[in-house]
There are 2 protein chains.
Amino acid sequence: MERRKAVLIILDGVGDRANRNLDNMTPLQYANTPNLDRIARESVVGLMDPISPGIRAGSDTSHLNILGYDPYEYYTGRGPFEAAGLDMDLMPGDIAFRCNFATVNDDLVVVDRRAGRIKEGTEELLKDLNGIWIEDVQIFIKPGVEHRAALVLRGPGLSPAVSDVDPHDTGVKIHEAKPLEKGAEKTARILNKFVLLAYDKLKNHPINKSREERGLKPANIILPRGAGMVPHLRNFEEMHGLKAACVVGTPLIRGICKIAGIEPIEVEGATGGYDTDMIAKMNAVLENLERYDFILVNIKAPDLAGHDMDPRRKVEVIERVDHAVGYLMDNLPEETVLVVTADHSTPCTVGDHSGDPVPIMIHAPDSRREGSEFNEISVTTGSLRIRASDMMNLILNHTNRAEKFGA
Amino acid sequence: MERRKAVLIILDGVGDRANRNLDNMTPLQYANTPNLDRIARESVVGLMDPISPGIRAGSDTSHLNILGYDPYEYYTGRGPFEAAGLDMDLMPGDIAFRCNFATVNDDLVVVDRRAGRIKEGTEELLKDLNGIWIEDVQIFIKPGVEHRAALVLRGPGLSPAVSDVDPHDTGVKIHEAKPLEKGAEKTARILNKFVLLAYDKLKNHPINKSREERGLKPANIILPRGAGMVPHLRNFEEMHGLKAACVVGTPLIRGICKIAGIEPIEVEGATGGYDTDMIAKMNAVLENLERYDFILVNIKAPDLAGHDMDPRRKVEVIERVDHAVGYLMDNLPEETVLVVTADHSTPCTVGDHSGDPVPIMIHAPDSRREGSEFNEISVTTGSLRIRASDMMNLILNHTNRAEKFGA
């Protein structure tokens, strides 16, 4: 029994619904996908619920479930994964937040939630705030792309059950963080103290003075949201016996991988946007497959087209995906297991994630040949009707690595 | 993202098995159902287990599960739902029973379990019994249709774990209620006291004297059965965010809806029998859809044909259902989600409920188009292979009302 390697390609949000602009087909049905279809004909195929039937998964909860971590146990909020995605050093129990640099007036009313989409100087703005202590809690903060940042609180007695400071709107005063359950009072207090302290430091910061002189909005406040506790995820390799890497553009998914011990592979031209270089991502897989047993690839573009409610664009993205997956297939060592699926559906009719199941196919040299075409409808005649929590067991099975239960 | 309304049509007991008298097809396969089939072609389709594979569901346990209430947690017996269906005021913790008026001789041997199917005077017969106290327990009793009634015990230290007084047979003495577990002794004692007290009041009641004079059997005893504790069901709207109504003829299902806070809509001509006016029920849906987010419709007739083991009649009932559902579909606002399924199978080869799964289809403007025909066999090529406990999550998904889990 030869132990195989596996490549898992997540077409983010590729699942969809019947669309009137596509003759009542889904984008996957409508698109011309000769490569995906060719692979489907040699694959075990079917449908997967990212969580369970009808449940609308986030990308984070779904990826956790796919990788073998029950999101009901490990997910308290998005913050920790965003922070990890920015390569912050985290410890289990840390409370982490996503943040925006924003602009407020003297009454703390939000004027711009993105501080004029500030692009430069955010590192400098945060320099005096990173590492400070409030009571017995140490604060870490790191800028992300443009107006984005992540905030981490480390200390005893903290809780993720606090409301957002970000009011998610302009023209309203920033919110005071509130404890959402008993025991979260301290976290709310520290967070509120930090926000006001940061405001004091930022409002007169030379970088902001300079911005104002140039007619730009000052980044004079930090608005945390999406509190979560950094979970203790058991190391992925220890759990599944697979030395693992990922080719992932979006910080959220990258963060999940980092916390799980899945090594990110940096790829030039992989942007997480429509313009991402899919062939570069596939080359990164091919170049690194010798060093790893398992490589996770996330391609974000289909999800963007779903959020943009643009079925034509989704079709076009899918046809580019088809080309890239065909390129990968043609160059993969024959014994490799290739899995193609999605983390959730993002229907163009909805403009957000939905609870509809996603197609999945598992290709191996000896996989049962069940498929005809790779789309939500055609795969229903296949054998798989699974939940994402079954994924790693299926991968271990098809790579001939599963432990036998019994004799 | 447009939030939609939903109509859920339960074709009671419509699921069936292969029948020799129908060329080894099921009644749904055999019947001519152009409307159901047309809807199936535009729907997500599949099979649903009312509880789990092979489990024979009652209408009550299945409807509870469909509406989001785990029957293993909330169902202790049929009594509470029958009592609620008769519009009795109930409180969580009350112990309720279904009852028959019956005829016994002087040795308390049952002569007729339905007291000659008594039609009149039952209200008068119960007048002096309703509201009485036995020890510290208050007794409420209300007549239903013909020989039927419901009994409620309210007080401290009561249990639903008592055996039936009704011996379910004639020519035998009425049974003494027995405690079925520790702690149920008091309930059994009170129930036995009540049955004898009622016998004392009824045997010489003027209405019974008059019946005997006319050669009719006296309704001289009340035989309780189906003990259950009134559960605390969380309000349906609070739980799912859907303001809900029901169009339901049978008291049992009506009672479940009432306890869950789902408002019954009264429909003239909706009898719960073969002769029910299905178009009147559909019109009631159409007239009330503006005021509600969710309307449950139960059509009882297919179940009756199953219990009667009459496959030809079941086919005929199904063809009437097809006409009515087609009428509804043609008149529903386009954005409405229409779900058609059953609460359980009642095969004509069995004459009772079976544990076979039931077909389901979910129609929305953008639902994936999976179906061909609406019957137990054709739907197997669709994506759904669910349990009734998934139903509300699926409805929330297709009405675009589900909460996102994660980001």
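## Two chains, question by question

Guide: In chain A, 70% of the contacts with a separation of 6 or more join residues 24 or more positions apart. Two residues are in contact if their C-beta atoms, placed from the backbone, lie within 7 Å. This is a predicted model: local features need pLDDT of at least 70, side-chain atom pairs count only at pLDDT 80 or more, and totals for chains, interfaces and linings use all residues. Residues are numbered from 1 along each chain as its sequence is written, while chains are lettered from A and ligands numbered from 1 in the order in which they are written.

Visitor: What makes a residue of chain A count as buried, and what share does?

Guide: Buried means 20 or more other C-beta atoms within 10 Å of its own (exposed: 12 or fewer; partly exposed: in between; C-beta atoms placed from the backbone). Of the 407 residues in chain A, 56% are buried.

Visitor: What makes up the secondary structure of chain A?

Guide: It comes to 14 helices and 15 strands. These are DSSP runs, numbered from the N terminus: helices are H or I with at least four residues, strands E with at least two.

Visitor: Why are strand 10 and strand 14 of chain B called edge strands?

Guide: Two strands pair if DSSP finds at least two bridges between them. In chain B, 8 strands form an open sheet in the order 10-9-11-1-12-13-2-14, with mixed pairing. Strand 10 (263–264) and strand 14 each pair on one side only. Strand 14 pairs with strand 2 (residues 43–49) of chain B in the parallel sense, over 4 bridges. There, Met48(B) has Ile386(B) as its bridge partner.

Visitor: Which elements give two or more residues to the side of chain B that touches chain A?

Guide: The contact takes 23 residues from chain B and 37 from chain A. Strand 14 (384–387), helix 14 (391–398) and strand 15 (404–405) of chain B qualify. Helix 14 of chain B gives the largest share, 4 residues.

Visitor: What makes strand 3 of chain A and strand 15 of chain B a pair?

Guide: They have 2 bridges, in the parallel sense. The definition asks for at least two, so they pair. Arg56(A) stands opposite Lys404(B).
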